[in-house]
Structures are given as C-alpha cells and as structure tokens.
Amino acid sequence: MGKYDGLNDQELISLLQQGDEGALRPIYNKHISQLHYFILRTAKSKQFTEDIVQDVFIKVWENRMQIDCEQPFKPYLYTIAKRHLLNLLKRVQHETYIVEEIRKNVSLVENTTEMAINFQESNVTIVEAIDKLPSQCREVFLRCKIRGLSYQQTAKELGITEGTVNSQMVKALKAIRMHLQLKNTIGVLVIIINYISENQ
C-alpha cells in the first residue's frame with residue numbers, strides 16, 4: 001500500500017505544507033482529468049490547456065502555506081484555473097489585436113537595409129518582440145507603425161521631440177530584428193538537436 005493511498009485532499013495538503021513534494025502527485029492524479037476538461041472547454045487548445053494545468057499545480061505548490069485545509073480543495077483549485085484562463089484570454093486578445101493592426105496598417109519590410117524584419121515570422125514572435133520593448137520605445141513604435149501616426153503627431157501625443165521619436169524608432173526596429181534573429185537561431189538549434197536525437 002502506497003504512502004498516500006486513502007488520503008483525502010485535506011490530508012494531502014497538510015503534507016504539502018510540511019514540505020512533502022510527493023503529496024502533489026496524488027492531488028494531481030485525482031483532479032487532472034476533470035480540470036483538463038474544464039480548461040479545454042474554454043481554451044480550445046490542447047497546448048494552452050496543458051500549459052495552464054502545469055501553471056495551476058505550480059501555483060498550488062507555491063501557495064501551499066496559504067491553503068486552508070479545513071475548506072474544500074476543489075473550489076480553490078478551480079479558482080486558480082479560472083484566473084489563469086482569464087489571463088490567457090486577455091493575452092490572446094491583446095496579441096490578436098496587435099497582429100491584425102500590423103497586417104492592416106503597416107508593411108514592416110519597407111527598406112531591406114533599414115527595416116530588416118522578416119514579416120513571415122510567426123505572429124506570436126512579432127508580438128513578443130514588441131512587448132519586450134522598453135515602455136517609451138514600445139509606445140513610439142505602436143503609434144508610428146501600428147496606428148500610422150507621423151513622427152510629429154507621435155511626438156505631440158507623448159510630449160517628446162521628433163528627434164526622440166526617430167531615435168526610439170531606430171532602437172525599436174533594432175531590438176525587434178535582434179529578437180527575431182535570436183528566435184530563428186534557437187529554432188534551428190532545436191531542429192538540429194531533435195534530428196541528432198532521432199538518428200542516434
């Protein structure tokens with residue numbers, strides 16, 4: 001008979017709070033099927049669902065000391081899952097908006113030398129690159145390249161000089177280009193590693 005056989009949620013949580021990492025496995029096994037179905041109904045993606053499930057149980061471990069063992073565990077678990085789902089939906093909505101605005105209003109490859117951004121990159125990678133820009137740099141880029149404002153209009157909206165707008169655009173384009181190049185490099189390495197592994 002296993003160490004955790006027959007223990008209920010409250011008893012397993014108590015073990016977690018004592019630092020017993022192994023108690024997380026029976027909790028996971030007990031709830032994973034229904035939780036996976038619950039998330040998949042909304043997320044509509046197996047990959048997103050698996051990511052959220054992992055995040056939920058990581059959060060359970062990280063917040064184990066705040067869990068009330070006297071209260072039912074399932075509602076607590078699903079509250080965490082709902083929060084992660086909400087964050088996911090907000091992120092997807094944000095990324096979809098940016099990508100659609102890029103497609104409608106801007107050609108990123110206006111000059112091969114100056115702009116050097118391959119628009120065939122994945123949408124997610126482009127959004128990642130934009131989101132990683134420093135605050136002012138991102139605001140300048142979104143106004144100039146997403147909303148289609150002139151440098152003068154952007155400078156007026158942000159209360160900065162046109163020279164600053166220009167320098168921030170140069171900085172943004174360079175950062176985006178480097179991010180995409182890095183992603184390409186990592187992607188090639190993953191392909192090579194997978195090929196080597198499969199042919200060993």
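Let's start where two helices meet: helix 1 (residues 9-17) and helix 2 pack at an angle of about 145 degrees, with their axes 9 Å apart. Here an axis is a line fitted to C-alpha atoms, for helices over the stretch in contact, and angles run from 0 to 180 degrees between N-to-C directions. The contact is made by Asp9, Leu12, Ile13 and Leu16 from helix 1, together with Leu24, Pro26, Ile27, Lys30 and His31 from helix 2. Contact means heavy atoms within 4.5 Å. The crossing of helix 1 and helix 2 is left-handed; a crossing gets that name if the near helix is turned anticlockwise from the far one by less than a right angle, and is right-handed if clockwise.

Before going on, a word about the model. It is a predicted one, in which local features need pLDDT of at least 70 and side-chain atom pairs count only at pLDDT 80 or more, while totals for chains, interfaces and linings use all residues. Residues are numbered from 1 along each chain as its sequence is written, and side-chain values use heavy atoms, with hydrogens and water left out.

Now step back to the whole protein chain. It has nine helices and zero strands, where helices (H or I, at least four residues) and strands (E, at least two) are DSSP runs, numbered from the N terminus. Of the 200 residues in the protein chain, 34% are buried; buried means under 20% relative accessible area, exposed over 50%, and partly exposed in between, using a 1.4 Å probe and protein chains only. Among the contacts in the protein chain with a separation of 6 or more, 59% join residues 24 or more positions apart.

His31 is found in helix 2, which covers residues 24-43. Is His31 buried or exposed? With a relative accessible area of 7%, His31 is buried. Not counting residues up to four places away in sequence, His31 touches Asp9, Phe57, Phe73, Lys74 and Leu77.

Helix 3 (residues 46-62) is the next stop, and Val60 has its place there. Val60 is buried, at a relative accessible area of 0%. Which residues does Val60 contact, leaving aside its neighbours within four places in sequence? They are Leu16, Leu24, Ile67, Phe73, Leu77 and Ile80. Val60 and Leu77 are 17 residues apart in sequence and 7.7 Å apart in space, C-alpha to C-alpha. Thr49 also lies in helix 3, and it counts as buried because its relative accessibility is 0%. Apart from neighbours within four places in sequence, Thr49 is in contact with His36, Ile39, Leu40 and Ala43.

Further along comes helix 7 (residues 135-146), whose buried residues are Cys137, Val140, Phe141, Arg143, Cys144, Lys145 and Ile146. Just after helix 7, Gly148 takes a positive phi of about 75 degrees. Helix 7 packs with helix 8 (residues 151-158) at an angle of about 140 degrees, their axes 9 Å apart. Helix 7 and helix 8 are therefore oblique to each other: angles under 35 degrees count as roughly parallel, over 145 as roughly antiparallel, 65 to 115 as roughly perpendicular and the rest as oblique. Their crossing is right-handed. Helix 7 brings Glu139, Val140, Arg143 and Cys144 to the contact, and helix 8 brings Tyr151, Thr154, Glu157 and Leu158.
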